[in-house]
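Here are my notes on the model, as numbered points. Please read them with the structure open.

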Amino acid sequence: MANLHQKEDHELVPVAPDDFALSLLNGRHIASLATQRVDGTIHLTAIWYLYKDGHLYFPTSSRSQKARNVEANPIATAMVDTRVPGQEQGVSVSGHAKVI
(Lines give C-alpha, C1' and ligand atoms only; values in the text may rest on other atoms or scores of the structure.)
Protein backbone atom coordinates (compact mmCIF):
# COMPACT_ATOMS: atom_id res chain seq x y z
CA MET A 1 0.00 0.00 0.00
CA ALA A 2 1.51 3.30 -1.06
CA ASN A 3 0.97 6.59 0.73
CA LEU A 4 -1.39 8.63 -1.46
CA HIS A 5 -2.76 12.15 -1.44
CA GLN A 6 -6.04 13.11 -3.10
CA LYS A 7 -5.84 16.16 -5.34
CA GLU A 8 -8.77 18.50 -5.94
CA ASP A 9 -9.76 16.55 -9.08
CA HIS A 10 -9.95 13.38 -6.88
CA GLU A 11 -6.87 11.81 -8.49
CA LEU A 12 -4.68 9.91 -6.00
CA VAL A 13 -0.97 10.66 -6.28
CA PRO A 14 1.93 9.16 -4.29
CA VAL A 15 3.43 11.23 -1.46
CA ALA A 16 6.93 10.60 -0.10
CA PRO A 17 6.98 10.20 3.70
CA ASP A 18 8.94 12.77 5.69
CA ASP A 19 11.77 11.82 8.07
CA PHE A 20 9.41 11.49 11.04
CA ALA A 21 7.10 9.12 9.16
CA LEU A 22 10.05 7.10 7.85
CA SER A 23 11.42 6.62 11.36
CA LEU A 24 8.08 5.19 12.50
CA LEU A 25 7.50 3.09 9.39
CA ASN A 26 10.99 1.58 9.59
CA GLY A 27 10.60 0.76 13.29
CA ARG A 28 9.21 -2.38 14.91
CA HIS A 29 5.61 -1.49 15.63
CA ILE A 30 2.22 -3.07 15.17
CA ALA A 31 -0.03 -1.30 12.68
CA SER A 32 -3.78 -0.88 12.73
CA LEU A 33 -5.13 -1.85 9.32
CA ALA A 34 -8.60 -0.82 8.17
CA THR A 35 -10.39 -2.34 5.19
CA GLN A 36 -14.03 -2.14 4.19
CA ARG A 37 -16.37 -5.14 4.21
CA VAL A 38 -18.86 -5.69 1.38
CA ASP A 39 -21.67 -4.43 3.65
CA GLY A 40 -19.79 -1.12 4.11
CA THR A 41 -18.65 -1.65 7.70
CA ILE A 42 -14.99 -1.26 8.59
CA HIS A 43 -12.80 -4.21 9.52
CA LEU A 44 -9.99 -2.96 11.79
CA THR A 45 -7.17 -5.23 12.91
CA ALA A 46 -3.78 -5.02 14.60
CA ILE A 47 -1.10 -6.50 12.36
CA TRP A 48 2.66 -6.68 11.87
CA TYR A 49 3.93 -4.98 8.73
CA LEU A 50 7.01 -4.44 6.59
CA TYR A 51 7.80 -1.05 5.04
CA LYS A 52 10.01 -1.50 1.98
CA ASP A 53 10.63 0.61 -1.12
CA GLY A 54 7.76 2.97 -0.34
CA HIS A 55 5.16 0.25 0.23
CA LEU A 56 3.59 -1.37 3.27
CA TYR A 57 3.27 -5.16 3.29
CA PHE A 58 0.97 -7.05 5.66
CA PRO A 59 1.19 -10.83 6.15
CA THR A 60 -2.17 -12.58 5.91
CA SER A 61 -3.94 -15.58 4.47
CA SER A 62 -5.66 -15.07 1.13
CA ARG A 63 -8.81 -16.39 2.85
CA SER A 64 -8.70 -13.83 5.69
CA GLN A 65 -11.39 -11.17 6.09
CA LYS A 66 -8.92 -8.38 5.26
CA ALA A 67 -7.79 -10.13 2.05
CA ARG A 68 -11.40 -10.70 0.95
CA ASN A 69 -12.17 -7.04 1.71
CA VAL A 70 -9.23 -5.82 -0.39
CA GLU A 71 -10.27 -8.07 -3.29
CA ALA A 72 -13.74 -6.50 -3.22
CA ASN A 73 -12.65 -2.89 -2.51
CA PRO A 74 -8.92 -2.22 -3.01
CA ILE A 75 -8.61 0.77 -0.66
CA ALA A 76 -7.12 0.51 2.83
CA THR A 77 -5.84 2.72 5.63
CA ALA A 78 -3.08 1.87 8.08
CA MET A 79 -1.88 3.66 11.19
CA VAL A 80 1.45 3.09 12.89
CA ASP A 81 1.87 4.71 16.28
CA THR A 82 3.84 4.62 19.48
CA ARG A 83 2.07 4.70 22.82
CA VAL A 84 4.69 5.93 25.23
CA PRO A 85 2.78 8.08 27.76
CA GLY A 86 3.44 11.75 27.07
CA GLN A 87 5.26 10.93 23.80
CA GLU A 88 2.44 9.57 21.65
CA GLN A 89 3.05 9.91 17.94
CA GLY A 90 1.85 8.23 14.80
CA VAL A 91 1.50 8.24 11.05
CA SER A 92 -1.49 7.25 8.94
CA VAL A 93 -1.44 6.20 5.29
CA SER A 94 -4.27 5.48 2.89
CA GLY A 95 -4.19 4.13 -0.59
CA HIS A 96 -4.73 1.35 -3.06
CA ALA A 97 -4.18 -2.15 -1.74
CA LYS A 98 -3.85 -5.51 -3.44
CA VAL A 99 -3.33 -9.12 -2.42
CA ILE A 100 -0.04 -10.47 -3.75
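1. The protein chain averages a pLDDT of 86, and 85% of the residues score at least 70.

2. Ground rules. Residues are numbered from 1 along each chain as its sequence is written, and side-chain values use heavy atoms, with hydrogens and water left out. As the model is predicted, local features need pLDDT of at least 70 and side-chain atom pairs count only at pLDDT 80 or more, while totals for chains, interfaces and linings use all residues.

3. Helices (H or I, at least four residues) and strands (E, at least two) are DSSP runs, numbered from the N terminus. Strands β7 (residues 75–82) and β8 (residues 89–96) run antiparallel and are joined by eight bridges; two strands pair if DSSP finds at least two bridges between them. Ala78 has Val93 in β8 as its bridge partner. Six residues lie between the strands, and Gly86 in this hairpin takes a positive phi near 85 degrees.

4. Is Val93 buried or exposed? Val93 counts as buried because its relative accessibility is 6%; the cut-offs are under 20% relative accessible area for buried, over 50% for exposed, and partly exposed in between (1.4 Å probe, protein chains only). The C-alpha atoms of Val93 and Leu33 are separated by 9.7 Å, although the two lie 60 residues apart along the chain. Val91 also sits in β8 and is buried, at 14%. Beyond its neighbours within four places in sequence, Val91 contacts Ala21, Leu24, Leu25, Ala78, Met79 and Val80.

5. The core. A nonpolar core is a set of buried Ala, Val, Leu, Ile, Met, Phe, Trp, Tyr and Cys residues joined through side-chain atoms within 4.5 Å. The largest one has 17 residues, of which Tyr49, Leu56 and Phe58 touch the most other members. At least two residues of this core come from each of α1 (19–25), β3 (31–36), β7 and β8.

6. Helix α2 (residues 65–72). Its buried residues are Lys66, Ala67, Asn69 and Val70. Seen down the axis of α2, they fall within an arc of 160 degrees, so they line one face of the helix; the arc is that of the directions from the helix axis to the C-beta atoms. Glu71 and Ala72 are exposed on the other side of α2. The cover over the buried residues of α2 includes β3 and β4 (42–47).

Methods. pLDDT = per-residue confidence, 0-100. Contact = heavy atoms within 4.5 Å.
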